[in-house]
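Hi,

Here is the structure I promised to pass on to you. Have a look at it first, and then read my notes below.

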Amino acid sequence: MKITKLHIVFFLAFIQTIAYSQCWKSVSVGYSHNIAIANNGELWAWGLNHFGQLGDGTQIVKNTPIRIGTDSDWKLISAGNGPRSFNLAIKNNGTLWAWGNNTNGQVGDGTFVHKFAPVQVGTDTNWKEIAAGYSHAMAIKTDGTLWTWGNSDYFALGYGTGFGQPLDKNIPTQLGTDKTWKSVAAGDRYSLALKNDGTVWGWGYNTANQININGSGIYVMAPQQRSSNGTGV
């Protein structure tokens, strides 16, 4: 059979498909980029990269998955869902990492400077759960404590204060004193969290009653239990 250019194109496409057909462990979809962990613990990313959100040290768009760094001990990932794109990740050793847009301190490294490659956030080794939102971040430690940082607008951080960069937090800051938090989810300047008893709590932007707390108005300043969820979630 005569080999044509078309055959070569299809062959190369097949080879590329095989290259990316390795088993994936998890994936997280951001505003305009994606990050994933392979079964062997490698970190991969692709999509827009204008804030360094892919983590490869550049601002160049990637239309196929590229490996980020050489580490193979990544455990959890969460890609931010807003145009100020950033990411959170936890390694097997419990350390917390972040990169990308840092306008509101959402990377959590104590600065407001964008990060084009993963940087460790603090030195703690007991991080358990993470959630990257529109421009704020949430995390839970193994001791059940809840931490938030980044954009404070509409009280998304839950501290009872909001609106304006002077109130943003550029390092993880503990929210309250409870040690019964189990999981977190971060949205467009609002937050939800689940406790060990199955109750769901929310705070932040609430124009469409997405937090589902009766009579709460356009925002909820601090964590409140949702109105109708009961327990057992």
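**Rings, charges and a sheet**

Tyr205 is buried, with a relative accessible area of 19% (buried means under 20% relative accessible area, exposed over 50%, and partly exposed in between, using a 1.4 Å probe and protein chains only). Before you go on: this is a predicted model, where local features need pLDDT of at least 70 and side-chain atom pairs count only at pLDDT 80 or more, while totals for chains, interfaces and linings use all residues. Residues are numbered from 1 along each chain as its sequence is written, and side-chain values use heavy atoms, with hydrogens and water left out.

Now the aromatic rings. A pair of them is described by the distance of the centres and the angle of the planes. Rings of Phe, Tyr and Trp (its six-membered ring) pair if their centres lie within 6.5 Å; planes under 30 degrees apart count as stacked, over 60 as edge-to-face and the rest as tilted. That rule gives twelve aromatic pairs.

Take Tyr154 and Tyr205: their pair is tilted, at 4.0 Å centre to centre with 40 degrees between the planes. It ties together distant parts of the chain, 51 residues apart, as Tyr154 is in the loop between strand E11 (146-150) and strand E12 (169-174) and Tyr205 is in strand E15 (residues 200-205). (Helices, H or I with at least four residues, and strands, E with at least two, are DSSP runs, numbered from the N terminus.) Tyr154 is partly exposed, at 21% relative accessible area.

Then there are Trp181 and Trp203, an edge-to-face pair with 6.5 Å from centre to centre and 70 degrees between the planes. Trp181 belongs to strand E13 (residues 181-186) and Trp203 to strand E15, 22 residues apart. Trp181 is buried at 5% relative accessibility, and Trp203 is buried at 0%.

Ring pairs also join Tyr154, Phe155, Phe163, Tyr205 and Tyr219 into a cluster.

Two charges sit over rings (NZ of Lys or CZ of Arg within 6 Å of the ring centre and within 35 degrees of the ring normal). Lys141 lies over the face of Trp127, 4.8 Å from the ring centre, and the charged end of Arg189 is over the ring of Tyr134, 4.7 Å from its centre.

Last, the sheet. Four strands make an open, antiparallel sheet in the order E1-E2-E3-E4 (two strands pair if DSSP finds at least two bridges between them). Strand E1 (24-29) and strand E4 (62-67) are at the edges with a single partner strand each, so one side of each has no neighbour in the sheet. Three bridges join E3 (residues 43-47) to E4, and Trp44 has Arg67 in E4 as its bridge partner.

Cheers
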